[in-house]
Amino acid sequence: MLDLNLRVHSDLHLPSDIVTHKHFIDGQYLESASGEVTERVAPSHGVFVSRAAKGTEAEVNLAVAAARRAFDNGRWCRIAAKERAIVLTKVADLIEKNVERFALIESLESGKPISQARGEVGGAAELWRFAASLARTSTGETHNNLGDDILAMTVKEPIGVVSIITPWNFPFWILSQKLPFALAAGCTCVIKPSEFTPSTTAMLADLLVQAGMPKGVCNIVLGHGDPVGALMTSHSDVDMISFTGSTAVGKKVAEVASNTLKKVTSELGGKNPQVIMPDADLDAAADAVVFGVYFNVGQCCNSSSRIIVHQDIANAFIEKVVALSKKVVFGNPLHVDTQVGAIVTPEHQQKIDTYIKDAINQGATVHLGGAGMHVEGLSKQFYQPTVISNVRPDMAISREEVFGPVLTVLTFQTLDEAIQITNDTEYGLSAGIWSENIHNCLEFSRRANAGTIWTNTWMDGFPEVTFGGMKQSGQGREIGQYGFDEFLEIKSMVMRIGKTRAPWVGDT
Ligand code: NAD
């Protein structure tokens, strides 16, 4: 399980130098042919922290060609799975040795607290180890019941070259939900991190080399969605796209990919509710609500941005949530006790604020927050913890992914009504229920339309338990056995024993 509370007891300081990154293609580190670079300003501190080569069509073509060669010549997919597992396990060990280095730059580029970044980077090693175990236990089926003269089997094969495109909000964690599973299956990859958070993906290249990954198996192209991501989704030598990001871009990816009928798996946005029944442990529920909405400043696909509270306890529960919200430590991501850091860009900060102002204009009540936040000596990209009630289900703030530290409160009277409100959304990523009554919990779990249902908890995750969305939250699954299987093709082999097949063309 991801340890979100990993702490060491000293604050960190801004590094004196910015880090620089090149593309990693066919085992070589390359600048862009154009010479262009992208620079990232830390959301929290407002200073440049990294500079990365900015890819173009030339680098995408080189990377896809390298991945294609590495797949077709079998240097990775035709070796024993045991050998692949050894490399993946070495990568896991190296990740653990590099947690501090990776966590610092991840915190600076994304704005997330250093303790959380350490938990994500360190926890990612477990995803690599689990994927290694799946490589070795993958099997198919045999059919020994088709008649005396027939034996058939279904074997699994790696799907081929996979484009992996990741978002900025959990850069190393989400990469690790995809890459080791694709590699365990025997695929080769072209990877593009978000232009906002390229560093830890680029830094992984060194670890792959140290672990003995053959050249061309993993290629990293740095740059923007247009042109790099778009070309990775349209290229005819790519067999599959594994995408995590917004629903809007996910739809574009699926549309472009349809021209070559590539397989697409996508992990997209969410508008995730927690339902609070009157018999719930309300202290535990309030704590989970506060965690669910402020974790990563709400810039989280799994953000529990909606709570659906029983009418009878709504006022008391809001009071509890507001009181707890005031205790959450917002501020400098480099301080070890900080729980919530900075907003990713000034534009996004503005977007969050607009959702709130529009809701107020439409009659919503603000119980807490609703404005930017001043953090001594840092940038202006911080937002107050915000709790809003008197929202209607038709308001944008109730329906759209705000992606900020903003909780909207809706109320219900019956479980049926709570389930109806839960499902009244285009999204279907996750949902939760708090109740001491097992019948309520099971009824909700069966009828809520979401890929993950949490009961009396929120955001517990494990490498073994698959994850993914229904409806417009995505297609396919990630992690767990199902996530691994996404990177496999299925082939049936039918064999006649003893040459007993009757001729089709008979003697005339
Ligand atoms: P985004 O969609 O803006 O970008 C995601 C990635 O796609 C980036 O690498 C970007 O450069 C690339 N991209 C942009 N345009 C592209 C195009 N035309 N073709 C191909 N690639 C393109 O998302 P973001 O702002 O980085 O991340 C936030 C979003 O991701 C939120 O909606 C969040 O809910 C979602 N998300 C979902 C999950 C999940 O598991 N369901 C996890 C994390 C984030």
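By a polar contact I mean a pair of N or O atoms within 3.5 Å; within protein, one must be able to donate a hydrogen and the other to accept it, and residues adjacent in sequence count only if both atoms are side-chain atoms. What you see is a predicted model, in which local features need pLDDT of at least 70 and side-chain atom pairs count only at pLDDT 80 or more, while totals for chains, interfaces and linings use all residues. Residues are numbered from 1 along each chain as its sequence is written, and side-chain values use heavy atoms, with hydrogens and water left out.

A nitrogen atom of the ligand lies 2.7 Å from a backbone N or O atom of L268, and the protein buries 87% of the 850 Å² that the ligand exposes when taken alone (accessible areas come from the Shrake-Rupley method with a 1.4 Å probe; for residues, only the protein chains shown count as cover). The side chain of S246 places an N or O atom 2.6 Å from a ligand oxygen, and a backbone N or O atom of G225 is 3.3 Å from an oxygen atom of the ligand.

Now the cysteines: how many disulfides are there, counting pairs of cysteine sulfur atoms within 2.5 Å? The count comes to 0, and for C77 this is because the closest cysteine sulfur, in C187, is 8.6 Å away, too far for a bond. C300 is in no disulfide either, with the sulfur of C301 nearest at 5.0 Å.

Technical notes. A disulfide is a pair of cysteine sulfur atoms within 2.5 Å.
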